[in-house]
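I opened my notebook on this one and jotted down what I looked up, entry by entry. Have the structure open alongside and follow along.

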Amino acid sequence: MVDDTHVRTVADRLGLDLTEEERAQYAEAARGMDAQYDSLPAETPTATAATDVEAGTDGHNAVRYRFDLPETDGPLADLELGVKDNLAVAGVPMHCGSAALEFTPEYHATVVDRLHEAGGDVTATTNMDEFAYFTTGETCAFDPIENPGAEGVVPGGSSSGSGAAVAAGLLDAALGSDTGGSVRIPASFCGVVGLKPTHRLVPRFGFADLAPSLDCVGPLAADVETAARVHDTIAGPHPRDPSSMGGPAPPAAADGLEESVDGLSVGVIEPAMAGSDEAVASAVEDAVDALGGQGVSAESVSLPQFETATLAGLVVAGAEFAALALADGQLVGTGTGHSEPWRTAVREAVRSPDLGANVREQILTNGALAEDGLDHYVAAQTLGAEFTAVVDEALGSYDALVAPTTPMTAPEFGEITSDEDFARTVANTVPFNLTGHPALSVPIETADGEPVGLEFVGARRDEATLVALGAALETAAGS
């Protein structure tokens, strides 16, 4: 119940020195409001719960739980699918990779509903970095995830289990989430396809937000065609995610499978190439040359502010994550949906002694920065707007932009330890979370025996062109 201590906290933030009588008056008024608001029902949707829920036992620690949902029929009936452990599946414990979170939803995330209704055999949740806040798969509370695509190196994160499960052939496709590269990084390190859709194209109700202005839900798959089919199933507005309601149903990404790439042009991002390991940059150059054989022209493009956009993206992610954690996981405003059981679970998780050290540090440091002022966040979002205009201008001249998905191949376990190390893992991915453009990572030749990903970036809602280019790259690799 609201009392004068709550009023005091707000007054202190506003720099007001209220008398005891004034605090009591405001507290009484707030209690009156609370009594009125109690009449509003906090109803949460329900779904038929999964059955036969069992812990995953695969040798890569990719799967968190296996389960069964009622059988359906539809265009995805040929696919065995998984979803990241930060997406709700009714009746399946949802941990977000953390020992601190105890939550079993009674509802499906919208994307899970859509996969299931389309006939997909949704049969697994997949392990992940704790609360999606790392890029290697090593911070999962349920032990690190192994990389089936290369021995002794990390699978990438935070959608580690989704990438590993697809690479190991355990699943045909799996959903991940991408805030700074968390679909594309494991795709690159594990040697599979990963698609980050246009921001807000895929509804996020039932997803554990990290940074709402950056977060996307997208597929990892064994090939471009499967990724496109899954994307088209989950994309499109839904009223439980108000942030998705700004436009009509999107064009089909799978249309790109029927499109010729002859005559398309790509801009190769020069600073991304210069910042990448030599073997990675060389592999991307070879892939671009192979596309040239199919009629795709290429030029180098400087893309001003590219390097600075990485730092800006990290600032936004940190500030929004801390704000969400300290507000019990609920965004006040046009957010991504609301669930009272989820709000309660987040409130308990962020106060739990079982919360991992990395996540606790992010909340404390970014929360402390916000208490001192949000000038850094405003500056980062301002730069994001400027960089978005730069990317839009470049995409006015080219059909897509090209970069190595990651500047390096998969690091060894324990290698990513400093802030600088972490920033380099997202150097080529987080700039396009900041701008909201779609991006597709496609595996190309290996470097020193490890997978390399090539990233295509396209205009908003033009996933089809990325799919066309990705499919052409697969054709070139197979010829």
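This is a predicted model: local features need pLDDT of at least 70, side-chain atom pairs count only at pLDDT 80 or more; totals for chains, interfaces and linings use all residues.

**Gln305**

Is Gln305 buried, partly exposed or exposed? Its relative accessible area is 27%, so I put Gln305 down as partly exposed. I found Gln305 in the loop between β9 and α9 (306-326). Its phi is near 75 degrees, which is a positive value in a residue other than glycine.

**Cys96**

Cys96 also went into my list of positive phi values in a residue other than glycine, with phi near 50 degrees. The loop that holds Cys96 runs between β3 and α3 (110-117). Relative accessibility is 1% for Cys96, so I count this residue as buried.

**Ser158 and its peptide bond**

Next I checked omega between Gly157 and Ser158: the value is about 5 degrees, and the peptide bond joining them is cis. Where does Ser158 sit? I traced Ser158 to the loop between β4 (121-126) and α4 (160-167). Ser158 has a relative accessible area of 0%, and I therefore noted it as buried. I then listed what Ser158 touches, skipping residues up to four places away in sequence: Lys84, Asn127, Met128, Asp129, Ala132, Phe134, Thr135 and Ser182.

**The sheet**

I followed the strands across and wrote down an open sheet of 12 strands with mixed pairing. My order reads β1-β2-β4-β3-β5-β7-β6-β11-β12-β10-β8-β9. Which strands are at the edges? They are β1 (51-55) and β9, each pairing on one side only. From one strand to the next, the twist averages 25 degrees.

Within that sheet I looked at β3 (residues 80-84) and β5 (residues 173-178), which run parallel and are joined by three bridges. I picked Val83 and found that its bridge partner in β5 is Leu175.

I also noted helix α6 (residues 224-234), which lies across β3, β5, β6 (193-196), β7 (216-221) and β11 (439-443). Relative to β7, helix α6 runs at about 150 degrees.

**Strand β8**

How many residues of β8 (residues 265-269) are buried? I got five of the five, so the strand is largely enclosed by the rest of the structure. Ser265, Gly267 and Ile269 point one way, Val266 and Val268 point the other way, and all are buried.

Then I went through the pairing of β8. With β9 (residues 297-301) I found five bridges in the parallel sense. With β10 (residues 400-404) there are three bridges, and those two strands run parallel as well.

**Arg66**

Arg66 belongs to strand β2 (residues 63-68). A relative accessible area of 25% is why I labelled Arg66 partly exposed. What does the side chain of Arg66 reach? I found a polar contact with the side chain of Glu80, at 2.9 Å. Leaving aside neighbours within four places in sequence, my contact list for Arg66 has Asp52, Val53, Glu54, Gly56, Glu80, Thr123, Ala124, Leu170 and Leu171. I also looked up Val92, which is 26 residues from Arg66 along the chain; their C-alpha atoms are separated by 8.9 Å.

**Two helix pairs**

For α1 (residues 4-14) and α2 (residues 20-37) I noted an angle of about 110 degrees, with the axes 8 Å apart. That makes the two helices, α1 and α2, roughly perpendicular. Asp4, Val7 and Arg8 in α1 meet Arg23, Tyr26 and Ala27 in α2. By class I wrote three nonpolar, no polar and three charged residues for this contact.

For α8 (residues 278-292) and α15 (residues 463-478), the axes come within 9 Å and cross at roughly 95 degrees. I therefore have α8 and α15 as roughly perpendicular to each other. On the α8 side I listed Ala287, Ala290 and Leu291, which meet Leu469, Ala472, Leu473 and Ala476 in α15. The class count for α8 with α15 came to seven nonpolar, no polar and no charged residues.

Note on methods. Residues are numbered from 1 along each chain as its sequence is written. Side-chain values use heavy atoms; hydrogens and water are left out. Axes are lines fitted to C-alpha atoms, for helices over the stretch in contact, and angles run from 0 to 180 degrees between N-to-C directions. Helices (H or I, at least four residues) and strands (E, at least two) are DSSP runs, numbered from the N terminus. Angles under 35 degrees count as roughly parallel, over 145 as roughly antiparallel, 65 to 115 as roughly perpendicular and the rest as oblique. Contact means heavy atoms within 4.5 Å. Ala, Val, Leu, Ile, Met, Phe, Trp, Tyr, Cys and Pro count as nonpolar, Asp, Glu, Lys and Arg as charged, and the others, Gly among them, as polar. Buried means under 20% relative accessible area, exposed over 50%, partly exposed in between (1.4 Å probe, protein chains only). Two strands pair if DSSP finds at least two bridges between them. A polar contact is a pair of N or O atoms within 3.5 Å; within protein, one must be able to donate a hydrogen and the other to accept it, and residues adjacent in sequence count only if both atoms are side-chain atoms.
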